[in-house]
Amino acid sequence: QGSVAQSCQGRRLPMHDMLGNGLACAAFGAMLLVSAESPWHFLDLDLHMPVPPAEAFASGGPLAERETLAGELAELRSAVEGHQDCSGKKCPIEVQALQRLASLQFEAAQLLRRGVGLETARPFFGAACANFAAQHNPSNAEFVWDIGLGLQHDGLYQDAVEFYKALRVAGCEQWGHHARSFGERLAGLAAGTKRRSHCAAGDGDGGLRVKHVSASKEAIGRAEWVAGLPEFCHVLDLSASRYSPQEFLDKFVMASRPVVLRGLPELTDVFPAGQMFRTLVKEYGERIITSWAAPHGRFWGKEESDGVEAPARPARVPLSMKNLINILQMNATEMGAFVYGEHINLEREVPELAERLVQAHLASGPHLLAALPFRRVNLWLAPMEEEFQDTLHWDAHDSLSYQMECAKEFLLFPPGDRDKLPYDVEGPEDNPQGLEWHANLGRGGRHSEVHWHLGSARQRSRAAAAIDLSRPKEELAKRFPKLAEALPPKKCTVHSGEALYIPAHWHKQVHFFGGAGAGTRCKCLNGAVDFWYRPLTTDKQSAVAAAKSLKEEL
């Protein structure tokens, strides 16, 4: 156990918890050493050892320059098939050979994608991903999954759907055992936490109507100065007026003009009115999805660690859908972890739900955003009554957000205000290190506790601003002199049953609220469905278009 203690070296643990976690880590290392004494893993030959097409290695083919690659893959497959314990299509392979196989398959997949096309490459991406996961290398497996994000970003929607499907068919897990175990333990901790009073029904849809977000002085102060802002967004009632996709493109998309929409399909074929969370638990409760967590409600807030000051990325936590919805109903302060579901990528994590939502979205009348390449559909799930705070940020996509439960208030700045907003652009370009929250569950007194520490992130976020618009206006202007030129922001409110279109490159901070002003559906949790599109304009073009639209408004 002592020989693997170095693997725990980078973990920062509270002093009172050091001994227990140190022993646990050493025991885990010993377990890995024992498992290494039996270095075999069984493969499904059809899924995990596909054969590249012969023409790929022909003269001028995409693999011609790597003529030894075919031989290496064939040699590995022959050795596996010839093993005495090979029965049918299930054959053993040594762990070291599995590592070599996954690397070769990933190389072949990249070459095939460039030379032949993604369709031919998909089985090799799936096999490499599954084999990376089998050797407990979740980082490499995640890297393969993230290729799908690139496809979505480029607006290649169907390619992304088929890519994710190939990874699932191959049996590639997105999450390693340690991450899944932490999510399960966090759900267990939440089970012993008090449920918030307005969530008494326990399913997310029931309970009493929430009166306000919080009674804190900060929230009241935010409400007072924001309340005086006029509503900026026009409300377009599509049940009373017909807009063709071309008209919407000209007046709102190319003009970079946000707008609140009424009369769109309400997605009730997927989520019956008032039953969004009950439906998610009943039909998709066991699906593992990505949630985000932090020790406080300031997601992406600026933190400092070891001389690095930057917006801190929340910790990613895999949770089942039912566990996430249950956690959202608990008292986050008591639990020691603030959790919410932000931009849950449904094509990647719950494809059946994504397909149903896209079909419902397109079911009624002409699709207003038909000219924009579609990227993805997301779920947005958050608790009410908690001190959650979204950070001012910008997105490089056009968004159509269906507000399903409760309401949101968007504070917006046009694209041309970017230089006036305090984004994290002062960080050194040669040191792009960012920060990320990490958590572990330990023992504290008689109860389990969540212990948090900041670690290095793979990259620094340049899209999150270290600013809280809930602070008094005078304080903000004094701390950020350039910001005074941009204040006040534009306010747009979207209620349950409405949708908000926000063009790409607008800057926004979101507050969510309940009460009688939130719409007809609002009790325990806040929920939305977001459709993202690849923009047709650059940030500079959007800035020019938005400035022109604002001038016309005046």
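Reading the labels in a predicted model

Me: Where is C406 found?
Reply: C406 is found in the loop between β12 and β13 (407-413). This is a predicted model, in which local features need pLDDT of at least 70 and side-chain atom pairs count only at pLDDT 80 or more, while totals for chains, interfaces and linings use all residues. Residues are numbered from 1 along each chain as its sequence is written, and side-chain values use heavy atoms, with hydrogens and water left out.

Me: Why is C406 called buried?
Reply: Buried means under 20% relative accessible area, exposed means over 50%, and partly exposed is what lies in between (1.4 Å probe, protein chains only). C406 has 0% relative accessibility, so it counts as buried. Its phi is near 65°, a positive value in a residue other than glycine.

Me: What makes H343 partly exposed?
Reply: H343 has 25% relative accessibility, so it falls in the partly exposed class. This residue is found in strand β9 (residues 338-345), and its phi is also positive, near 50°.

Me: How many aromatic pairs are found in the whole structure?
Reply: The search finds 17.

Me: Why is the pair of F232 and W506 called tilted?
Reply: Rings of Phe, Tyr and Trp (its six-membered ring) pair if their centres lie within 6.5 Å; planes under 30 degrees apart are stacked, over 60 edge-to-face, and the rest tilted. F232 and W506 are 6.1 Å apart centre to centre with 35° between the planes, so the pair is tilted. F232 sits in the loop between α9 (217-227) and β3 (234-237), and W506 in the loop between β17 (499-502) and β18 (507-513), 274 residues apart. W506 is buried, with a relative accessible area of 1%.

Me: What makes Y402 and F531 edge-to-face?
Reply: Their centres are 5.5 Å apart and their planes make 65°, so the pair passes the edge-to-face limit. Y402 lies in strand β12 (residues 398-405) and F531 in strand β19 (residues 525-533), so the pair ties together parts 129 residues apart in sequence. Y402 is buried at 4%, and F531 is buried at 0%.

Me: How do you know that K408 lies over the face of W380?
Reply: A charge sits over a ring if NZ of Lys or CZ of Arg is within 6 Å of the ring centre and within 35 degrees of the ring normal. K408 is at 4.1 Å from the ring centre of W380. R418 lies over the face of Y423 at 6.0 Å.

Me: What makes a set of residues a nonpolar core?
Reply: A core is a set of buried Ala, Val, Leu, Ile, Met, Phe, Trp, Tyr and Cys residues joined through side-chain atoms within 4.5 Å. The largest has 86 residues, and L280, L381 and V529 have the most contacts inside it. Strand β10 (residues 374-383) gives the most to this core, with six residues. A second, separate core of 40 residues includes L63, A108, L118 and Y164.

Me: Which residues is V529 in contact with?
Reply: Contact means heavy atoms within 4.5 Å. Leaving aside neighbours within four places in sequence, the contacts of V529 include L267, F271, L379, L400 and Y402.

Me: How do you know that the span of α6 is close to the expected one?
Reply: The expected span is 1.5 Å times one less than the number of residues. Helix α6 (residues 138-153) has 16 residues and reaches 22 Å from its first C-alpha to its last, close to the 22 Å expected. Its buried residues include A141, V144, W145 and L151.

Me: Why are β11 and β16 called edge strands?
Reply: Two strands pair if DSSP finds at least two bridges between them. Four strands form an open antiparallel sheet in the order β11-β18-β13-β16. β11 (393-394) and β16 each pair on one side only, so they are the edges. Five bridges join β13 to β16, which meets the limit for a pair.

Notes: Helix = DSSP H or I, 4+ residues; strand = E, 2+ residues; numbered from the N terminus.
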